[in-house]
Amino acid sequence: MASLWSGLSASGCGGSERIRDVYFTLASEIVTSPGLRTIPGTLRVSPLAARGFIGGSRIVYRTAADPLQVQRYSEYLWEDVPARAIADDILAALRAARVFENIITAGDPARADYLLTGELTRFEHLPTNQPPQVAAEFSIALVSGKSRQLLASKTYAGFEPTAVNSLGRTTPAAMVAAFNRLSGRLITALVRDLQSPALESG
């Protein structure tokens, strides 16, 4: 653990004292604008599924030395689990872009004409990459609320470098900023796909 963050500005205390937990907020940097038309009907957005460490609150990382080993930072955590935070950001982005006439959450009892579901399959820090990066991947499915017919599905994935200083060092805050940029870019692409005329005609 310590070697991964060598050169980082320390957030904990030295000696034998327990390092305190540090919580970060995932706030996707989304760029959207209303499309030329709004799809009639109501869309229900469900929380994203997530399995294993990805479904937890501790920030996940993977090193080049052990690419098959998924690990978690002991002191760095998300304020909200990423799968739920990303679903909330998707909901907010779709509402801001007015993609559908009405957009509701999973707990809303109103009848939905469309259902948006998905799974977060990757959300991890790659601290030993050159340059250090974060990676994310989620799949999304749009289904008819009446017939349960699959209308569209796609996987969104990407990488984002973390900022480093002149000595090539980074910080936990720079890591989180990279996660926010990456998740925002992927959600922006999702919104633009849902604004596509081909979706409504299909």
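Here is a short chat about the fold and strand pairing of this predicted model.

Student: Before we start, what kind of model is it, and what were the pLDDT rules?
Tutor: It's predicted: local features need pLDDT of at least 70, side-chain atom pairs count only at pLDDT 80 or more, and totals for chains, interfaces and linings use all residues. Residues are numbered from 1 along each chain as its sequence is written, and side-chain values use heavy atoms, with hydrogens and water left out.

Student: OK, how many helices and strands does the protein have?
Tutor: There are 3 helices and 8 strands. Both are DSSP runs numbered from the N terminus: helices are H or I with at least four residues, strands are E with at least two.

Student: And in what order do they run?
Tutor: Starting at the N terminus, you get β-β-β-β-α-β-β-β-β-α-α.

Student: Which way do strand 6 and strand 7 pair, parallel or antiparallel?
Tutor: Antiparallel, over 12 bridges, with strand 7 covering residues 133–144. Strands count as paired if DSSP finds at least two bridges between them. A hairpin of 6 residues links strand 6 to strand 7, and His125 has Val134 in strand 7 as its bridge partner.

Student: What about strand 2 and strand 6?
Tutor: Those run parallel, joined by 3 bridges; strand 2 is residues 39–45 and strand 6 is residues 114–126. Arg44 partners with Leu115 of strand 6 there.

Student: New topic: how much of the protein is buried?
Tutor: Of its 202 residues, 43% are buried, meaning under 20% relative accessible area with a 1.4 Å probe, protein chains only.

Terms used. Buried < 20%, exposed > 50% of the residue type's maximum accessible area, 1.4 Å probe, protein only.
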